[in-house]
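Q: I would like to learn how to read a structure of this kind. Could we go through it feature by feature?

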Amino acid sequence: MSRRGSWPIIGQVANYQHGEVSASMSTESAEIMTAQRRPGRDSERVPFELFAVAFLLDMLLHIAIGVAVGVYIRQSADLPISPLVAGVAAGIAASFVHRTLVQRFTRTTAGKAVFGLQLRRLDGSYPSLGQLVKQWVIGVLATIGTPMRLLN
């Protein structure tokens, strides 16, 4: 398997940062991703807690966009779409655009920017658009799968 295309999700980064590799993650994929501060600042890996708060800020932004669209649709009685469907679709679209396109061109997301973080490969290069899309899909699946596993 090529090291180039392998990106673990946030929780896996945290395990690797503390010198551990979880059983669900290969050592090869753990060596690929690192959260670093922007150039000019300390470029060491950051604590998982900081990275998690940045991620939560991003999620809150996506949810806020979805809620705003849902409220707008609800107030516009002449639109033939459910406010819930429109809000969920807008939140998902905002998440995709923000975590792939915006992150590709600005090298950070809004939540990471608050803490001066960027997502980089261990060699210092920035992820490609394809890698960011793959990471987004894995994140969506993990977001859906985690509550389902907790409920069973």
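**Reading the model**

A: Start with one residue. Setting aside neighbours within four places in sequence, aspartate 58 is in contact with His98, Arg99, Thr109, Ala110, Gly111 and Lys112. The model is a predicted one.

Q: Where does aspartate 58 lie, and why does aspartate 58 count as buried?

A: Aspartate 58 lies in helix H3. Buried means under 20% relative accessible area; aspartate 58 counts as buried because its relative accessibility is 1%.

Q: Which side chain does the side chain of aspartate 58 join in a polar contact?

A: That of threonine 109, through a polar contact of 2.6 Å.

Q: How should I read nonpolar residues?

A: In soluble globular proteins, nonpolar side chains tend to be buried together. Here the largest nonpolar core has six residues: Val46, Phe51, Ala54, Leu117, Leu119 and Leu132. H3 and strand S2 (117-121) are the elements that give two or more residues to this core.

Q: Which residues form a nonpolar patch on the surface?

A: The patch is formed by Val53, Leu57, Leu60, Ile63, Val67, Val71 and Val114, and together they have about 600 Å² of accessible area. Helix H3 (residues 48-75) supplies the largest share, six residues. Valine 67 lies in helix H3.

Q: What is the order of elements along the protein chain?

A: From the N terminus the order is α-α-β-α-α-α-β-α, with six helices and two strands.

Methods: Residues numbered from 1 in each chain as written. Predicted model: local features only at pLDDT ≥ 70, side-chain atom pairs only at ≥ 80, totals over all residues. Heavy atoms only, no water. Patch = residues over 30% accessible without salt bridge, like charges linked within 9 Å, V, L, I, M, F, W, Y side chains within 5 Å. Areas by Shrake-Rupley, 256 points an atom, 1.4 Å probe, with all protein chains shown as cover. Salt bridge = Lys/Arg side-chain N within 4 Å of Asp/Glu carboxyl O. Helix = DSSP H or I, 4+ residues; strand = E, 2+ residues; numbered from the N terminus. Core = buried A, V, L, I, M, F, W, Y, C linked by side-chain atoms within 4.5 Å. Buried < 20%, exposed > 50% of the residue type's maximum accessible area, 1.4 Å probe, protein only. Polar contact = N/O pair within 3.5 Å; in protein donor to acceptor, adjacent residues only side chain to side chain. Contact = heavy atoms within 4.5 Å.
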